[in-house]
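Hi everyone, thanks for coming.

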Amino acid sequence: MRVAIIGAGIAGLACARRLRDAGLEATLFDKSRGVGGRLATRRADPARPEVTFDHGATHFTARSEGFTRLVAAWETAGLAARWPAAGADSWVGTPTMTAPLKALADDLDVRLSRPVTALTKSRAGWTLQSEAKRLGTYDAAVIAIPAEQAAPLLSLHDFEMARAAMSVRYNPCWTGMLAFDQQIDELPDFLRGAGFLATAARDSAKPGRAPGERWVVQADWAWSEAHLSCDSASVAPSLLAELGKAAGREMPAPSHISAHRWLFAQPSGQDQKLLWNPALSLGACGDWLHHGFAEYAWLSGHVLGAAIAAGAAQ
Ligand SMILES: Cc1cc2nc3c(=O)[nH]c(=O)nc-3n(C[C@H](O)[C@H](O)[C@H](O)COP(=O)(O)OP(=O)(O)OC[C@H]3O[C@@H](n4cnc5c(N)ncnc54)[C@H](O)[C@@H]3O)c2cc1C
């Protein structure tokens, strides 16, 4: 069985790995230039590639059995480490958040810079298209992208699945990336709920990072929503000022300041874990089907891969 997976975030990668372990063929398509989705790392300065910001998820948990085993293997391989600053069971990828995702993608068939814009079903199977270009025909299709983007692809084929996707609501998040030439001694490495900042993380304090003083600050949902139409040049100074309030001092001039707007940061609304229509060989996975966290996105992809493999073995 040849399975096409749209989306190479942690859910799509988990599904592909599970299928590969069962001896099935999986091909991943992602619109981005790299894997990992919202487990994202940005390089601010091309001349200094070691200077990074984890501007998506700041950390993740590992509580369930299968994911704990995987994270332990990442730790042994130097791809993840505990980061107690964010909580007793918090982990980060090392040296970047995307590092373990790249390892997960290793030796999988991943096709990058391929936005899937259409999915059609014929007797030959599922055909994927990127604008006018055909990407291939597969026996089964898995949609592992955020619900807002999944809904239009699903709606032509399975109304119940599309309805599940349409019922999900996402919270946006304005994220600031700040670097300074001096240490901000007044602040701990991680704080929550400081003014309108949901979290503020000293990114440079995470294990395996290049030295320096780098911060990733995430505005809360209400503030992000209220400032959705603002541009990053006007939002970034507000995020800097809010960090200054938390520190109780005026912040020094940053050596780097930028902001990223996540329209679909974290979802709420569904807890079905996975969607799988065996008659159509069409499935969906992702954090929107479980909980809006990396571990649950992985679980969603993993259990969908297991369900497809079980069906193929019958
Ligand atoms: C600001 C922020 C803070 C967060 N904080 C935390 C946290 O502290 N802890 C935690 O556990 N989680 C956190 N999360 C959530 C976590 O990042 C997600 O739950 C998880 O990464 C979702 O994985 P996924 O594979 O379901 O989706 P994604 O990571 O979104 O992956 C989907 C992939 O699909 C691709 N794609 C989309 N449309 C198409 C298309 N048409 N064709 C091809 N490819 C497509 C995208 O490029 C992407 O790579 C945070 C997220 C954000 C944004």
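Before anything else, a word on contact: two residues are in contact if their C-beta atoms, placed from the backbone, lie within 7 Å. Please keep in mind that this is a predicted model, where local features need pLDDT of at least 70, side-chain atom pairs count only at pLDDT 80 or more, and totals for chains, interfaces and linings use all residues. Residues are numbered from 1 along each chain as its sequence is written.

Now, the domains. Domain 1 covers 2–39 + 100–168 + 269–313, and domain 2 covers 40–97 + 169–268; these bounds come from an automatic or database domain assignment. Their C-alpha centres lie 27 Å apart.

How many residues of domain 1 are in contact with domain 2? There are 19, and they meet 22 residues of domain 2. On the domain 1 side, helix H3 (99–105), helix H4 (147–155) and helix H8 (294–313) each give two or more residues. Helices here are DSSP runs (H or I, at least four residues), strands are runs of E (at least two), and both are numbered from the N terminus. H8 gives the largest share, five residues.

On to the ligand. A residue is near it if its C-beta atom, placed from the backbone, lies within 6 Å. The ligand is surrounded by 38 residues, with Gly7, Gly9, Gly37, Ala57 and Gly286 the closest. Helix H1 (10–21), strand E13 (169–180), strand E17 (256–268) and H8 each supply at least two residues of this shell. Both domain 1 and domain 2 provide at least three.
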